[in-house]
Amino acid sequence: MKQVLTKLTLSLALIPLLSCYPLWSQTTIDSSKTIRVLSFNILHGATMKGDFDLAIIAKVIKDAKPDFVALQEVDFKTNRAKKYDLVTELGWQTKLIPLFGKAMSYDDGEYGEGILSKYTFLSTKNIPLPHSEGKEPRAALEIVTTLASNDTIAFVGTHLDHTADGKDRIAQVKKLNDIYAAYTYPVILAGDLNDFPGSTPIKILEEVWTPSYNKNAIANTYPSDKPIKKIDYVMFYPKNRWKVLETKVIADPVASDHCAYLVTLELLDEE
(Lines give C-alpha, C1' and ligand atoms only; values in the text may rest on other atoms or scores of the structure.)
Protein backbone atom coordinates (compact mmCIF):
# COMPACT_ATOMS: atom_id res chain seq x y z
CA MET A 1 0.00 0.00 0.00
CA LYS A 2 2.84 2.35 0.84
CA GLN A 3 4.44 1.67 -2.56
CA VAL A 4 1.16 2.51 -4.37
CA LEU A 5 0.79 5.80 -2.46
CA THR A 6 4.39 6.71 -3.25
CA LYS A 7 3.79 6.20 -7.00
CA LEU A 8 0.53 8.19 -6.85
CA THR A 9 2.23 11.05 -5.01
CA LEU A 10 5.03 11.12 -7.60
CA SER A 11 2.54 11.17 -10.50
CA LEU A 12 0.58 14.06 -8.98
CA ALA A 13 3.77 15.98 -8.39
CA LEU A 14 4.67 15.72 -12.07
CA ILE A 15 1.37 17.22 -13.32
CA PRO A 16 2.35 20.90 -12.78
CA LEU A 17 5.69 20.30 -14.52
CA LEU A 18 4.12 18.62 -17.52
CA SER A 19 1.54 21.39 -17.87
CA CYS A 20 4.32 23.94 -18.39
CA TYR A 21 5.11 22.46 -21.80
CA PRO A 22 2.84 22.47 -24.88
CA LEU A 23 1.66 19.15 -26.24
CA TRP A 24 3.32 18.18 -29.51
CA SER A 25 -0.08 17.96 -31.20
CA GLN A 26 -1.03 21.55 -30.39
CA THR A 27 -0.86 24.23 -33.09
CA THR A 28 -0.03 27.73 -31.92
CA ILE A 29 -1.88 30.55 -33.70
CA ASP A 30 -0.45 34.06 -33.47
CA SER A 31 -3.45 36.35 -32.90
CA SER A 32 -1.49 39.37 -34.16
CA LYS A 33 -1.20 37.61 -37.55
CA THR A 34 -4.80 36.41 -37.69
CA ILE A 35 -7.29 38.45 -39.71
CA ARG A 36 -10.97 38.17 -40.57
CA VAL A 37 -11.87 39.08 -44.14
CA LEU A 38 -15.42 39.74 -45.34
CA SER A 39 -16.60 40.05 -48.94
CA PHE A 40 -20.07 41.57 -49.27
CA ASN A 41 -22.03 42.76 -52.29
CA ILE A 42 -24.42 45.31 -50.72
CA LEU A 43 -26.83 45.90 -53.64
CA HIS A 44 -26.16 49.68 -53.56
CA GLY A 45 -27.72 49.84 -50.10
CA ALA A 46 -31.23 48.96 -51.23
CA THR A 47 -31.79 45.75 -49.16
CA MET A 48 -34.18 43.10 -50.46
CA LYS A 49 -37.12 45.03 -49.04
CA GLY A 50 -36.13 48.07 -51.08
CA ASP A 51 -36.20 50.23 -47.98
CA PHE A 52 -32.58 51.49 -48.04
CA ASP A 53 -31.84 50.51 -44.43
CA LEU A 54 -28.08 50.74 -43.94
CA ALA A 55 -28.42 49.56 -40.34
CA ILE A 56 -29.34 46.08 -41.61
CA ILE A 57 -26.21 45.94 -43.76
CA ALA A 58 -24.06 47.36 -40.96
CA LYS A 59 -25.33 44.69 -38.55
CA VAL A 60 -24.19 41.88 -40.86
CA ILE A 61 -20.75 43.49 -40.96
CA LYS A 62 -20.52 44.17 -37.23
CA ASP A 63 -21.67 40.67 -36.30
CA ALA A 64 -18.90 39.20 -38.48
CA LYS A 65 -16.24 41.18 -36.55
CA PRO A 66 -14.02 41.65 -39.64
CA ASP A 67 -10.63 43.29 -39.90
CA PHE A 68 -11.15 44.00 -43.60
CA VAL A 69 -14.30 44.24 -45.71
CA ALA A 70 -14.49 44.31 -49.50
CA LEU A 71 -17.79 45.89 -50.54
CA GLN A 72 -19.25 45.67 -54.04
CA GLU A 73 -22.09 47.61 -55.70
CA VAL A 74 -21.27 50.70 -53.67
CA ASP A 75 -22.91 54.03 -54.53
CA PHE A 76 -21.34 57.40 -53.88
CA LYS A 77 -23.91 60.20 -53.71
CA THR A 78 -26.20 58.80 -56.40
CA ASN A 79 -29.85 59.74 -56.55
CA ARG A 80 -30.96 56.16 -55.90
CA ALA A 81 -28.83 56.08 -52.74
CA LYS A 82 -30.38 59.35 -51.55
CA LYS A 83 -27.07 61.16 -52.06
CA TYR A 84 -25.38 59.11 -49.35
CA ASP A 85 -21.68 58.22 -49.45
CA LEU A 86 -22.45 54.59 -48.60
CA VAL A 87 -19.00 53.38 -47.60
CA THR A 88 -18.46 56.35 -45.28
CA GLU A 89 -21.88 55.82 -43.68
CA LEU A 90 -21.15 52.13 -43.16
CA GLY A 91 -17.71 52.97 -41.81
CA TRP A 92 -19.30 55.26 -39.23
CA GLN A 93 -21.84 52.61 -38.22
CA THR A 94 -19.28 49.78 -38.00
CA LYS A 95 -16.42 51.86 -36.54
CA LEU A 96 -14.14 50.85 -39.43
CA ILE A 97 -12.08 53.09 -41.72
CA PRO A 98 -13.84 53.66 -45.09
CA LEU A 99 -12.48 54.00 -48.61
CA PHE A 100 -14.39 54.35 -51.89
CA GLY A 101 -13.05 53.61 -55.37
CA LYS A 102 -14.91 54.81 -58.46
CA ALA A 103 -15.54 52.40 -61.31
CA MET A 104 -17.88 54.68 -63.25
CA SER A 105 -20.16 57.71 -63.09
CA TYR A 106 -23.77 56.79 -62.42
CA ASP A 107 -27.10 58.43 -61.58
CA ASP A 108 -25.68 61.87 -60.82
CA GLY A 109 -23.01 60.31 -58.61
CA GLU A 110 -20.49 57.46 -58.74
CA TYR A 111 -20.52 53.67 -58.48
CA GLY A 112 -17.76 51.24 -57.59
CA GLU A 113 -15.94 49.45 -54.78
CA GLY A 114 -15.61 50.05 -51.08
CA ILE A 115 -13.20 48.91 -48.39
CA LEU A 116 -13.67 49.01 -44.64
CA SER A 117 -10.58 48.43 -42.53
CA LYS A 118 -9.64 48.03 -38.89
CA TYR A 119 -6.13 49.21 -39.78
CA THR A 120 -4.95 52.55 -41.14
CA PHE A 121 -3.69 52.88 -44.71
CA LEU A 122 -0.07 53.18 -45.77
CA SER A 123 -1.27 53.73 -49.33
CA THR A 124 -4.36 53.31 -51.49
CA LYS A 125 -4.84 52.68 -55.19
CA ASN A 126 -7.83 52.40 -57.51
CA ILE A 127 -6.99 50.27 -60.55
CA PRO A 128 -9.24 50.43 -63.65
CA LEU A 129 -9.83 47.00 -65.15
CA PRO A 130 -10.28 46.35 -68.89
CA HIS A 131 -13.81 46.38 -70.26
CA SER A 132 -15.44 46.23 -73.68
CA GLU A 133 -17.19 49.19 -75.20
CA GLY A 134 -20.76 49.44 -73.96
CA LYS A 135 -20.15 47.34 -70.84
CA GLU A 136 -19.83 48.59 -67.27
CA PRO A 137 -16.34 49.74 -66.25
CA ARG A 138 -14.85 47.74 -63.37
CA ALA A 139 -12.07 48.47 -60.89
CA ALA A 140 -9.91 46.91 -58.19
CA LEU A 141 -9.52 48.95 -55.00
CA GLU A 142 -6.31 48.36 -53.05
CA ILE A 143 -5.02 49.33 -49.64
CA VAL A 144 -1.58 48.63 -48.22
CA THR A 145 -1.56 48.42 -44.45
CA THR A 146 0.35 47.13 -41.43
CA LEU A 147 -1.11 44.47 -39.15
CA ALA A 148 -0.72 44.31 -35.37
CA SER A 149 2.26 42.00 -35.99
CA ASN A 150 3.97 44.84 -37.95
CA ASP A 151 3.69 42.82 -41.16
CA THR A 152 2.78 44.80 -44.28
CA ILE A 153 0.10 43.37 -46.54
CA ALA A 154 -2.12 44.50 -49.41
CA PHE A 155 -5.89 44.01 -49.42
CA VAL A 156 -7.76 44.25 -52.72
CA GLY A 157 -11.50 44.38 -53.32
CA THR A 158 -13.04 43.95 -56.76
CA HIS A 159 -16.24 43.25 -58.69
CA LEU A 160 -15.78 41.57 -62.06
CA ASP A 161 -17.97 41.89 -65.14
CA HIS A 162 -21.30 40.09 -64.94
CA THR A 163 -22.15 39.48 -68.61
CA ALA A 164 -22.59 35.95 -69.92
CA ASP A 165 -19.80 35.69 -72.50
CA GLY A 166 -17.01 36.00 -69.91
CA LYS A 167 -14.72 37.95 -72.27
CA ASP A 168 -14.30 40.92 -69.97
CA ARG A 169 -13.87 38.73 -66.86
CA ILE A 170 -11.02 36.90 -68.56
CA ALA A 171 -9.30 40.19 -69.43
CA GLN A 172 -9.86 41.49 -65.92
CA VAL A 173 -8.41 38.46 -64.12
CA LYS A 174 -5.38 38.46 -66.40
CA LYS A 175 -4.68 42.06 -65.43
CA LEU A 176 -5.05 41.24 -61.74
CA ASN A 177 -2.60 38.36 -62.14
CA ASP A 178 -0.10 40.54 -63.99
CA ILE A 179 -0.17 43.20 -61.28
CA TYR A 180 -0.13 41.13 -58.11
CA ALA A 181 2.17 38.25 -59.06
CA ALA A 182 4.95 40.82 -58.87
CA TYR A 183 4.13 42.08 -55.36
CA THR A 184 6.81 41.54 -52.73
CA TYR A 185 4.42 41.37 -49.77
CA PRO A 186 1.39 39.17 -49.09
CA VAL A 187 -1.90 40.06 -50.79
CA ILE A 188 -5.56 39.19 -50.21
CA LEU A 189 -8.10 39.48 -53.03
CA ALA A 190 -11.81 39.56 -52.14
CA GLY A 191 -14.97 40.26 -54.07
CA ASP A 192 -17.85 39.31 -56.30
CA LEU A 193 -16.12 37.59 -59.21
CA ASN A 194 -19.33 36.74 -61.06
CA ASP A 195 -18.24 33.23 -62.04
CA PHE A 196 -18.23 29.78 -60.53
CA PRO A 197 -15.37 27.51 -59.38
CA GLY A 198 -13.91 25.68 -62.37
CA SER A 199 -14.86 28.40 -64.87
CA THR A 200 -12.18 29.80 -67.15
CA PRO A 201 -11.77 33.15 -65.30
CA ILE A 202 -11.48 31.43 -61.91
CA LYS A 203 -8.98 28.91 -63.28
CA ILE A 204 -6.87 31.78 -64.64
CA LEU A 205 -6.95 33.52 -61.27
CA GLU A 206 -5.91 30.31 -59.55
CA GLU A 207 -2.73 30.23 -61.62
CA VAL A 208 -1.54 32.97 -59.23
CA TRP A 209 -4.00 33.07 -56.33
CA THR A 210 -4.95 30.36 -53.84
CA PRO A 211 -8.69 30.18 -53.12
CA SER A 212 -9.98 29.91 -49.57
CA TYR A 213 -12.93 27.67 -50.42
CA ASN A 214 -12.96 23.89 -50.04
CA LYS A 215 -13.11 22.49 -53.57
CA ASN A 216 -14.62 19.27 -52.24
CA ALA A 217 -17.44 21.05 -50.40
CA ILE A 218 -18.20 24.34 -52.15
CA ALA A 219 -20.48 26.65 -50.16
CA ASN A 220 -22.75 28.72 -52.40
CA THR A 221 -23.15 32.47 -51.90
CA TYR A 222 -25.93 33.58 -54.27
CA PRO A 223 -28.83 34.35 -54.00
CA SER A 224 -29.03 35.05 -50.30
CA ASP A 225 -32.45 33.47 -49.73
CA LYS A 226 -31.56 30.12 -51.35
CA PRO A 227 -27.91 30.06 -52.47
CA ILE A 228 -27.40 27.90 -55.54
CA LYS A 229 -24.03 29.12 -56.84
CA LYS A 230 -20.72 30.48 -55.59
CA ILE A 231 -19.64 33.81 -57.07
CA ASP A 232 -18.16 35.56 -53.99
CA TYR A 233 -14.54 34.80 -53.10
CA VAL A 234 -11.53 35.41 -50.90
CA MET A 235 -8.15 34.45 -52.41
CA PHE A 236 -4.57 35.06 -51.38
CA TYR A 237 -0.99 35.26 -52.65
CA PRO A 238 1.55 33.80 -52.20
CA LYS A 239 0.28 30.40 -51.14
CA ASN A 240 3.02 29.74 -48.56
CA ARG A 241 2.29 32.94 -46.59
CA TRP A 242 -1.35 32.27 -45.73
CA LYS A 243 -3.31 29.59 -43.92
CA VAL A 244 -7.11 29.31 -43.97
CA LEU A 245 -8.46 28.84 -40.45
CA GLU A 246 -12.19 29.11 -41.12
CA THR A 247 -14.72 30.03 -43.81
CA LYS A 248 -18.35 30.97 -43.34
CA VAL A 249 -21.23 31.94 -45.62
CA ILE A 250 -23.52 34.48 -43.92
CA ALA A 251 -26.96 34.24 -45.48
CA ASP A 252 -29.11 37.25 -44.61
CA PRO A 253 -32.03 37.29 -47.08
CA VAL A 254 -32.90 40.91 -46.27
CA ALA A 255 -29.56 42.74 -46.18
CA SER A 256 -28.62 41.93 -49.79
CA ASP A 257 -29.20 39.54 -52.67
CA HIS A 258 -25.72 38.14 -51.97
CA CYS A 259 -24.55 36.26 -48.91
CA ALA A 260 -21.59 37.77 -47.13
CA TYR A 261 -18.52 35.53 -47.24
CA LEU A 262 -16.25 35.50 -44.18
CA VAL A 263 -12.77 33.96 -44.14
CA THR A 264 -10.33 33.85 -41.23
CA LEU A 265 -6.68 33.74 -42.33
CA GLU A 266 -3.38 33.46 -40.55
CA LEU A 267 -0.32 35.17 -42.01
CA LEU A 268 2.60 32.76 -41.86
CA ASP A 269 6.25 33.66 -41.46
CA GLU A 270 8.48 33.55 -44.50
CA GLU A 271 10.18 30.20 -44.96
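**Close-up 1. The second largest pocket of the predicted model.** The volume of the second largest pocket comes to about 150 Å³. Its lining is formed by 13 residues. Nearest the centre of this pocket lie Thr184, Tyr185, Pro186, Arg241 and Glu270. Sorted by class, the lining of the second largest pocket comprises 6 nonpolar, 3 polar and 4 charged residues.

**Close-up 2. The largest pocket.** Rolling a probe the size of a water molecule over the atoms shows where empty space is left. The largest pocket holds about 300 Å³ of space. A set of 20 residues lines the largest pocket, and His159, His162, Asp192, Asn194 and Ile231 are the closest to its centre. Charged residues number 9 in the lining of the largest pocket, alongside 6 nonpolar and 5 polar residues.

**Close-up 3. The crossing of helices α2 and α3.** Two packed helices are described by the angle between their axes and the distance between the axes. Helix α2 spans residues 54-64 and helix α3 spans residues 86-94. Their axes come within 9 Å and cross at roughly 55°; α2 and α3 are therefore oblique to each other. The crossing of these two helices is right-handed.

**Close-up 4. The contact between helices α2 and α3.** From α2, the residues that make the contact are Leu54, Ala55, Ile57, Ala58, Ile61 and Lys62. From α3, the contact is made by Leu86, Glu89, Leu90, Gln93 and Thr94. By class, 7 nonpolar, 2 polar and 2 charged residues take part in the contact of α2 with α3.

Definitions and conventions:
Residues numbered from 1 in each chain as written. Predicted model: local features only at pLDDT ≥ 70, side-chain atom pairs only at ≥ 80, totals over all residues. Heavy atoms only, no water. 1 Å grid on protein atoms, 1.4 Å probe; cavity = no way out; pocket = protein on both sides within 12 Å on 5 of 7 lines; lining within 4 Å. Points joined across faces, edges and corners; volume = space filled by probe spheres on them. Nonpolar A, V, L, I, M, F, W, Y, C, P; charged D, E, K, R; others polar. Axes fitted to C-alpha atoms, helices over the stretch in contact; angles between N-to-C directions. Helix = DSSP H or I, 4+ residues; strand = E, 2+ residues; numbered from the N terminus. Parallel < 35°, antiparallel > 145°, perpendicular 65-115°, else oblique. Left-handed = near helix turned anticlockwise from the far one by under 90°. Contact = heavy atoms within 4.5 Å.
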